[in-house]
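Thanks for coming. I will go through one model today, starting with charged pairs and then moving to the nonpolar parts.

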Amino acid sequence: MRCCALVGALVIALGVQVGLGAGATTNPSGKTVRIAAAQPKARLIDWHLKDVDEVLKRVDQSLGELCGLIDRAAAEHSDAVALPEDTLGLGTWEAGNEALAREVLPRAVKMMLTKLGAAAKQHGIYVVCCNDFVEADGHTYNTAFLIGRDGKEIGRYHKVCPTIHERVCTPGDRLPVFETRDLGGVGMLICYDMVFPETARCLALGGADVIFHPTLGGAAIGDDDINRAAFRTRAVENFVYIVVAQRGSGSMIISPQGRILVEAKGPDSLAIADIDPFGGREGGDAMNQQRDMRARLFRERNPAAFGRITEANPPVLGKIPATISEREAVEVAHRVLTVGQEEFKAADVLVRDGKIEAAVAAFGRLQKEYRDSWIDRVSTQRLAMLEPKLAALAKNDERAGIAAKYPGDRGIEKDPRVVFAEDFEEGTIDELAGRWEDVKTPQIMSFAADVPQGSGGRQSLLMTHVGGKGDGGHLYRRLPAGLERSYARFYVKFDPDCAPIHHFGTCIGGNNPATRWPMVKAGIPPAGDKGFWTGIEPFGESWRWDFYTYWCEMRGSPPRGQTWGNSFVRDESLKIERGRWVCVEVMVKMNDLGESNGEMALWIDGRAISHLGKGFPKGKWVFDKFMVNQGGESVRWNNSQGERENFQTAAGGEPFEGFRWRTAKELDVNFVWAYLYITGAPAGHVSRVWFDHIVVASDYIGPISR
């Protein structure tokens, strides 16, 4: 029995080499091969493109760039390089051009095999690539190709487990293993195949030493942690190497003992590891240790008991009827990838424009036409926000929410959904301070006979800042514990001559334990069991509304990865009209423990501006800014490397990951904080800001009713 252990690993990402690190085993015999898992940026062909020659021209351009990745792998002395599923970037294009695809795919794949084969031959390197392909039998298969060092095809594999919405492709019916001199037995799986443990097991039983996995997704239905665990489990339960090649992110190489040897970093990077395909499989128990655990694992199986695995209609399917036909699922998926994204964006624009009735109708139609897709799920969430407002409009009342029941906000504090209300009707500033637990620089505070339209009160709070004399003031107090969904509404007016504001709120958040004073620390993400907070700010000289949010998974920015508050709107149309009262309302929904399903929303003058949660909206990150409905080149701060890291986001953006506000149940919304912070005003410059009608509740509040 051959026995050589793993030697080590390195990653090539943006030209940086990183060793495997402490604990890596070495191979005393030195019989290793170097494997590269590519992580290309997205090179997607626009589905609107109908000219076949132009499509093929774009394919040729992409292939030239992918050959550059192969050149880099060869320069690092790699023996094999794997490219992701949908190597040619035609997947979305196919969804919008199903008929034309049968003409394009044979020519495009021929170009792929010719160009990548030439690169393989030039460098004497194995290449794995993957794309939909029309075979000689007339059927379209999602196909992985293994190209040898001589540039010739060794074999191909047809995806055996396409998802229901991929059934425009015919499922394959075998799991071949290709024997090679230096890679050992080579198997290939494509994307969703890996979710089924049977596929990797069949390849292992067929003699696979290495499984190449071109993919656009994970190995399990769940979050990133579950996916990584599933990949590791597939490797160790079969004692095989798994080489994951994924577009944009997720490329890695895993050992037969379930260790992630190396991961790619950033777009157009390579994860490279030296492995011995015939070794690294030591294992056993207290009674029997093996140099290659497969010697026991596959003899200790009891296949006679496994017959149910191959039943086409096991009993469980009788308990769970199908909810959608294959053809319908294909049609929905194709429309989601193409016109669906455009229609969803148009519905969101209706919300932004205040056309609530039209927006409700649009989201209702999207629910039906794209059922069970992300568009259906997010449309349902949008409707939950919009339908109460529409109901109020039907009653000729534009002010949906708690405030609609209390004209002028009179008596709103008595509503059982309201946990705190401040209308600044106290007789003195000292009396006001008695209702708050921490008051900073009360000397800049006074009462003013200036109130929002419709107010039932006679005065508001005025904070007056003079340049060169301090940086502002605040009011802070705790809220009752147990708020899982919180709304905070306030009115504010900025003097026309107000200096640009550094930071501002009313904001809400939580500390664990709850504190009598603000505990926020600028530039440092709060621990998930300690705190979070979010406010709506006028963003300095730009004078536009946006979130300013701190939580444990917030994004950092140059030059050292500091976290100065994340923003999510970036809408230049939300300019603040100084000299006018504005109604601002923010909502925070806490996440379930272990989930990132927290939410956040914003209304300005009763108009829905933003709603973010797990899976919605789509967009991209540029450091600490989430850019809604934008895709393409993105950038983030990599804390481990201490530098910026570019990555590619799909056209139109990718679904927002949601908020993990907390990692401990004890943390919830438990404070409200009204503050003014000005640092750059010229000496002597007077800035005045008025506050009124602060209300915190468990339901939508809305503007003052009259």
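Arg 458 is exposed, because its relative accessible area is 55% and the cut-off for exposed is over 50%. Keep in mind that this is a predicted model. The side chain of Arg 458 meets that of Glu 425 in a salt bridge, 3.7 Å from N to O. Glu 425 sits in the loop between β17 and α11, and Arg 458 in the loop between β19 and β20, so the bridge ties together parts 33 residues apart in sequence. Glu 425 is partly exposed, at 23% relative accessibility.

How many salt bridges does the structure hold? The count is 55. As a reminder, side chains of opposite charge can pair when their charged atoms come close.

Next, Glu 135 and Arg 156. Their closest N and O atoms are 3.0 Å apart, in a salt bridge. This pair also links distant parts of the chain: Glu 135 is in the loop between β5 and β6, while Arg 156 is in strand β7, 21 residues away. Is Glu 135 buried or exposed? Glu 135 counts as buried, because its relative accessibility is 14% and the limit for buried is under 20%. Arg 156 has a relative accessible area of 24% and is partly exposed.

A local case is Arg 107 with Glu 103, a salt bridge at 4.0 Å, N to O. Both residues are in helix α3, four residues apart, or about one turn of the helix. Arg 107 is partly exposed at 38% relative accessibility, and Glu 103 is partly exposed at 41%.

There is also a network: salt bridges link Asp 79, Arg 149, Arg 181 and Asp 182.

Now the nonpolar side. The largest nonpolar core has 67 residues, and Phe 494, Phe 504, Trp 545 and Phe 568 have the most contacts inside it. Strand β34, residues 669-677, supplies the largest share of this core, with seven residues. Beyond its neighbours within four places in sequence, Phe 494 is in contact with several residues, including Ile 501, Phe 504, Pro 538, Trp 543, Trp 545 and Arg 688. A second, separate core has 48 residues, among them Tyr 157, Leu 183, Ile 211 and Phe 212.

Last, the surface. Val 316, Leu 317 and Ile 320 form a nonpolar patch there, with about 270 Å² of accessible area together. Of these, Ile 320 is in the loop between α7 and α8, and Ile 320 is exposed, at 52% relative accessible area.

Methods. Residues are numbered from 1 along each chain as its sequence is written. This is a predicted model: local features need pLDDT of at least 70, side-chain atom pairs count only at pLDDT 80 or more; totals for chains, interfaces and linings use all residues. Side-chain values use heavy atoms; hydrogens and water are left out. Patches are made of residues with over 30% relative accessible area and no salt bridge: like charges are joined within 9 Å, nonpolar side chains (Val, Leu, Ile, Met, Phe, Trp, Tyr) within 5 Å. Accessible areas come from the Shrake-Rupley method with a 1.4 Å probe; for residues, only the protein chains shown count as cover. Helices (H or I, at least four residues) and strands (E, at least two) are DSSP runs, numbered from the N terminus. Buried means under 20% relative accessible area, exposed over 50%, partly exposed in between (1.4 Å probe, protein chains only). A nonpolar core is a set of buried Ala, Val, Leu, Ile, Met, Phe, Trp, Tyr and Cys residues joined through side-chain atoms within 4.5 Å. Contact means heavy atoms within 4.5 Å.
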